[in-house]
Amino acid sequence: MLDRLSAFQDVHILVVGDVMLDHYLWCRVNRISPEAPVPVVRVEEKTSVLGGAANVAANLAGLGCRVALLGTVGDDEAGRILCSKLDQASIANHLLTDPQKPTTTKTRVLAQGQQLIRLDEENSGGISDEIARHLLTSFEKLLAEKQVVICSDYGKGLLAGDICQGLIALCRRQNIPVLIDPKGRDWSRYRGATCVTPNESELVQVVNGSIDNEADLLHQAVKV
């Protein structure tokens, strides 16, 4: 196993996509509020971890890959925490600050082993033309030393519109494989990628017909 993991140490990967901060509030519930029929939660601990495309980068770094991450964060505390987490994980941080959008943050409130609620702070609209230009310029510069690119699409706006096609074109020009973690029903923006890696539910969204067994899965995957 160690020999297999050592093979990852020479792999240089660029991850581009929707980065997030996953925030957890670890709580205890002892009573119901007298103001409304809701539990009163007492926060005992707070933790934060890398989410979205940042989690993809963290998993690759954990395997020993040399990873660079490109995306956007907001000019806010969540963005600063996220960048600090990237440094701790030895991930090369090439995130752009987008003052028009907050850092996508998902806060989960948990008590006695159960998740009570999830609070999402995000703006899923597309990025501005200015940020898009900076993104493509940074991407092209970062490609020089990379062996593979992963586009991690969580539907939060970074890879919307023509952005994906621009990234794929730059990769093809330099013969760099580009792998797509897809989102949504429209996969036309992924055209030309080396490989698209949906899970079953993501594939079902874009095919005409059900997937009831492995044969259906293979048949529909080829059609897409």
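Contact here means that heavy atoms lie within 4.5 Å of each other. The structure is a predicted model, in which local features need pLDDT of at least 70 and side-chain atom pairs count only at pLDDT 80 or more, while totals for chains, interfaces and linings use all residues. Residues are numbered from 1 along each chain as its sequence is written, and side-chain values use heavy atoms, with hydrogens and water left out.

**Overview**

The protein has seven helices and twelve strands; these are DSSP runs numbered from the N terminus, helices being H or I of at least four residues and strands E of at least two. Its C-alpha trace spans about 65 × 45 × 45 Å along the principal axes. Of the 224 residues, 39% count as buried, a word that stands for under 20% relative accessible area, with exposed over 50% and partly exposed in between (1.4 Å probe, protein chains only). Among contacts between residues at least 6 apart in sequence, 64% join residues at least 24 apart.

**Cores**

A nonpolar core is a set of buried Ala, Val, Leu, Ile, Met, Phe, Trp, Tyr and Cys residues joined through side-chain atoms within 4.5 Å. The largest one holds 30 residues, and Leu14, Val16, Leu135, Phe139, Leu143, Val149 and Cys151 have the most contacts inside it. Two or more residues come from each of β1 (12–17), β4 (66–70), α4 (129–142), β10 (148–152), α5 (163–173) and β11 (178–181). The most come from α5, which gives six. Apart from neighbours within four places in sequence, Leu135 is in contact with Val16, Leu70, Leu96, Ile127, Leu158 and Ile163. A second, separate core has 21 residues, including Ile13, Val19, Ala54 and Ile91.

Four strands form an open sheet in the order β3-β2-β8-β9, with mixed pairing; two strands pair if DSSP finds at least two bridges between them. At the edges are β3 (39–52) and β9 (114–121), each pairing on one side only. From one strand to the next the twist averages 20°. Strands β2 (residues 19–32) and β8 (residues 105–111) pair in the parallel sense over seven bridges, and Leu110 in β8 is the bridge partner of Trp26.

Helix α2 (residues 53–62) packs on the sheet and touches β2 and β3, its direction making about 65° with that of β3. Such axes are lines fitted to C-alpha atoms, for helices over the stretch in contact, and angles run from 0 to 180 degrees between N-to-C directions. In α2, Ala53, Ala54, Val56, Ala57 and Leu60 are buried. Seen down the helix axis, the buried residues of α2 fall within an arc of 155°, so they line one face of the helix; the arc is that of the directions from the axis to the C-beta atoms. They pack against β1, β2, β3, β4, α3 (77–88) and β10.

Asp153 and Lys156 both lie in the loop between β10 and α5.

| Residue | Relative accessible area | Side-chain polar contact |
|---|---|---|
| Asp153 | 3% | Tyr190, 2.7 Å |
| Lys156 | 15% | Glu122, 3.0 Å |

Beyond four places in sequence, Asp153 touches residues including Asp18, Asp181 and Arg189. On the same terms, the contacts of Lys156 include Asp18, Lys101 and Lys106.

Key. Polar contact = N/O pair within 3.5 Å; in protein donor to acceptor, adjacent residues only side chain to side chain.
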